[in-house]
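Student: I've got a model open on my screen and I'd like to learn how to read it. Could you walk me through a few features?

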Amino acid sequence: MASELLQQVRVIDPVSGTDQIADVLIDDGYIRSVMNHISDVPDNTRVRDCQGLILGPGLVDLYSHSGEPGFEERETLVSLLQAAAAGGFTRISILPDTLPVIDNPAVVAQLQKRGGELEVMSHMKSQRQGERKLREDLPEQVTGVEIREKQNSPLSSLSSSTPLVNVWGAISLDVAGKQMTELANLAAVGVVGFTDSQPWENFGLVRRVLEYIQPLRKPVAFWCCDRQLMGNGVIREAPDAIRFGLPFIPSSAETSAIAALLELVTATNTPVHIMRVSTARSVELIASAKARGVPITVSTTWMHLLLDIHAVKSYNTSLRLEPPLGTSNDVAALRQAVRTGVIDAIAIDHRPYTYEEKTVAFAEAPPGAIGYELALPLLWQDLVETGEFTALELWKAFSTRPAECLQQRMSAIAPDQKAELTLFDPQQNWKVEKQNLHTLSSNTFWLGQQLTGRVVQTWC
């Protein structure tokens with residue numbers, strides 16, 4: 001693997017808490033030097049002018065949906081990894097709602113085998129690219145992952161830097177919330193943690209889960225929502241939401257379930273992760289619980305930091321989400337909570353659907369939207385460029401904090417550390433079109449729009 005010298009790149013390192021301009025030398029998958037100026041480099045080093053570009057730790061996604069196995073028309077594992085790498089992610093975590101459900105060791109082994117095969121193919125592609133003549137111009141105006149070569153080549157659809165795939169194991173059989181899976185067996189085959197990614201109705205079973213899972217020392221995540229309060233609602237209840245003519249979901253559908261879960265966590269002292277927090281009142285409950293020392297970590301999704309219920313006036317079915325978009329007060333509270341650490345991490349919750357599945361009435365559309373390739377540029381422009389967040393605050397919520405929620409760690413951008421990095425151009429303009437996306441699906445509110453900011457390359 002050839003050496004690369006990134007000259008005068010802006011290095012954002014949440015691990016050390018630094019934001020500086022520096023030269024960074026990468027060789028054989030490791031960071032060899034980080035200095036103001038580097039002149040002594042190995043022969044055949046690729047020197048790249050990185051002025052104006054951002055280098056940070058690889059992004060980490062807490063949870064997203066894979067089409068494979070079972071729904072490959074929506075997304076394959078290859079296209080999922082392709083999209084993740086193009087969006088700057090070096091680690092992703094697949095939710096268990098595949099077909100078959102990831103509720104037994106055999107399905108976990110199947111995904112691990114598939115991931116291992118893709119890792120080998122990625123390594124082969126990296127070797128092939130290393131044998132070519134090195135390019136000297138930067139930025140490379142693609143996504144930096146250079147994944148399209150010969151259309152029929154098995155290597156053509158893979159990045160040379162393939163993200164690590166974590167797998168969530170289901171808590172209950174068929175994610176139905178009725179009977180526990182063999183949690184110890186799933187832990188033994190290497191799931192990253194446990195979740196159903198569905199609301200729970202039986203809190204007696206939730207308590208038993210928390211008691212049983214404690215000695216396994218694996219993350220356990222819950223999406224808190226009362227389905228009875230939710231009813232057939234599809235948008236957040238709000239003073240001016242009646243004009244949309246769509247059924248409401250009260251914020252209490254989320255907050256009541258969070259309050260119940262917090263009581264169980266307090267009683268059992270089992271650490272949990274609370275997924276998809278979307279309301280200002282939820283933030284208050286969580287902040288109070290954290291102040292009391294309740295062992296929780298929390299995430300919200302990237303779209304809930306960007307848009308509020310007013311965007312629904314477009315009736316774009318890619319805004320049909322679970323939980324639904326909140327009010328402007330919800331958005332403000334979520335943003336502040338991410339900045340202060342009350343909310344630990346930003347999740348992508350990438351959920352692809354085919355054109356046919358989403359081309360229906362808003363209330364009938366399946367909930368979810370894609371996000372891997374869009375989240376970083378949109379949040380950077382809306383939060384960092386406006387001065388609401390510092391670059392370190394955003395990057396921390398996208399990288400080191402999600403890793404901590406998974407009981408993992410990220411390395412500092414420092415000599416002798418593994419190069420798990422994302423290079424981002426915050427000024428590159430591009431249009432969100434199906435042919436420009438690496439995911440197989442295009443269910444996004446931003447389809448057809450011009451965006452500013454795009455990932456240039458990942459190392460992992």
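This is a predicted model: local features need pLDDT of at least 70, side-chain atom pairs count only at pLDDT 80 or more; totals for chains, interfaces and linings use all residues.

Student: Which residues of α7 are buried?

Tutor: First the cut-offs: buried means under 20% relative accessible area, exposed over 50%, and partly exposed in between (1.4 Å probe, protein chains only). In α7 the buried ones are Ser 282, Val 283, Leu 285, Ile 286 and Ala 289. They cover an arc of only 165 degrees around the axis, so they sit on the same side of α7. The arc is taken from the directions from the helix axis to the C-beta atoms.

Student: Why would residues spaced like that point the same way?

Tutor: An α-helix has 3.6 residues a turn, so residues three or four places apart point the same way. Here, the buried residues of α7 pack against α6 (252–268), β14 (296–301) and α8 (328–340); contact means heavy atoms within 4.5 Å.

Student: How many residues of α11 are buried?

Tutor: Seven of its eight, so helix α11 (residues 391–398) is mostly covered. Among them are Trp 395 and Phe 398.

Student: Now a strand. What does the side chain of Asn 166 make a polar contact with?

Tutor: A polar contact is a pair of N or O atoms within 3.5 Å; within protein, one must be able to donate a hydrogen and the other to accept it, and residues adjacent in sequence count only if both atoms are side-chain atoms. The side chain of Asn 166 pairs with that of Ser 93, at 3.5 Å. Asn 166 is in strand β8 (residues 164–169) and is buried, at 8% relative accessible area. Leaving aside residues up to four places away in sequence, Asn 166 also touches others, including Val 192 and Leu 406.

Student: How many disulfides does the structure hold?

Tutor: A disulfide is a pair of cysteine sulfur atoms within 2.5 Å, and the structure holds zero. Take Cys 224: the nearest cysteine sulfur, that of Cys 225, is 8.9 Å away, too far for a bond. Cys 224 is buried, with a relative accessible area of 6%, and Cys 225 counts as buried at 7%.

Student: What about peptide bonds: which ones should I look at for cis geometry?

Tutor: Check omega. From Leu 99 to Pro 100 the bond is cis, with omega near 5 degrees, and Pro 100 lies in the loop between β7 (89–94) and α2 (105–131). Another cis bond joins Glu 322 and Pro 323, with omega about -5 degrees; Pro 323 lies in the loop between β14 and α8.

Conventions
Residues are numbered from 1 along each chain as its sequence is written. Side-chain values use heavy atoms; hydrogens and water are left out. Helices (H or I, at least four residues) and strands (E, at least two) are DSSP runs, numbered from the N terminus.
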